[in-house]
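Here's a quick briefing to read with the model open. Have a look at the chain, then work through the points below.

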Amino acid sequence: LEAHSNGFRFTSIRGDKVDILYNNIKHAFYQPCDGEMIILLHFNLKNAIMYGKKKQDNIQFYTEVGELTTDLGKSHGRMYDRDDLEAEQREREMREQIKTAFKTFVERVENLARRYNLEFEVPFRDLGFYGCPLRTTVFMMPTSSCLVSLSEWPPFVITLEEVELVMFERVSLSIKTFDMIFVFKDYRIKPAMITSIPSNSLDHVKEWIL
């Protein structure tokens, strides 16, 4: 991924090129690898672009930063032997190197694209909660202007400024989960719904949304 004076250019391994203009970016997100197995840059676009013979209004670039599987064959007693400790140390060092590289890239892009008012938003992990916005339960996190889930595909992005009303449904002491509906200012847009939010997250969700 390359940053130029007016936008990004991504060149795939096969040589395919994708251009993302700064003035077509609605939201730019930088999600560090804290508590995640990937580190990513995500662009929510104003107008969809063609990629892979499909129109896409969300483009994401990510790098895996840790093992996604655990060797269940390791006995508990060997968990802290020398090889494991060295592997953990190498992974921590690799994570820090990748985080530094991504953060440096983000800062340089913000300086380069200053006249386009492009700023990367970082999700607030401490304010996150689990919910099901599409097909599966994912970890939702607010940013300075959005509510997002970026680690799973397809991504979920809601611009809070475009929301007129937020409703909570199925809130009851006898039910373990509740739903949250977002009604947009533009009534032509279908309301968005996040279902199966754990009831013990209700106060937590109200705190940041209000």
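Which domains does the domain assignment give for the protein chain? Domain 1 covers 1-122 and domain 2 covers 123-209, with bounds that come from an automatic or database domain assignment. Keep in mind that this is a predicted model: local features need pLDDT of at least 70, side-chain atom pairs count only at pLDDT 80 or more, and totals for chains, interfaces and linings use all residues. Residues are numbered from 1 along each chain as its sequence is written, and side-chain values use heavy atoms, with hydrogens and water left out.

- Taken over C-alpha atoms, the centres of domain 1 and domain 2 are 24 Å apart.
- Domain 1 puts 16 residues into the contact and domain 2 puts in 16 residues, where contact means heavy atoms within 4.5 Å.
- About 1300 Å² gets buried between domain 1 and domain 2, with 54% of it on carbon and sulfur atoms; buried area is the accessible area (1.4 Å probe) that two parts lose on being put together, summed over both.
- There are 2 salt bridges between domain 1 and domain 2 (a side-chain nitrogen of Lys or Arg within 4 Å of a carboxyl oxygen of Asp or Glu).
- Glu162 and Lys26 meet through their side chains in a salt bridge, at 2.7 Å from N to O.
- On the side of domain 1 that touches domain 2, strands E4 (25-31), E5 (38-51) and E6 (54-64) each supply at least two residues; strands here are DSSP runs of E, at least two residues long, numbered from the N terminus.
- E4 gives the largest share of that side, 5 residues.

- E4 pairs with E5 in the antiparallel sense over 6 bridges (two strands pair if DSSP finds at least two bridges between them), and Phe29 has His42 in E5 as its bridge partner.
- The hairpin of E4 and E5 has 6 residues between the strands, and Gly35 takes a positive phi near 75 degrees there.
- E5 and E6 are also antiparallel, with 10 bridges, and Ile49 is partnered by Gln56 in E6.

**The three-stranded sheet**

- An open sheet of 3 strands runs in the order E12-E13-E14, with antiparallel pairing.
- E12 (163-169) and E14 (192-198) stand at the edges with a single partner strand each, so one side of each has no neighbour in the sheet.
- E13 (residues 177-184) joins E14 through 5 bridges, and Thr177 has Pro198 in E14 as its bridge partner.

Terms used:
Helices (H or I, at least four residues) and strands (E, at least two) are DSSP runs, numbered from the N terminus.
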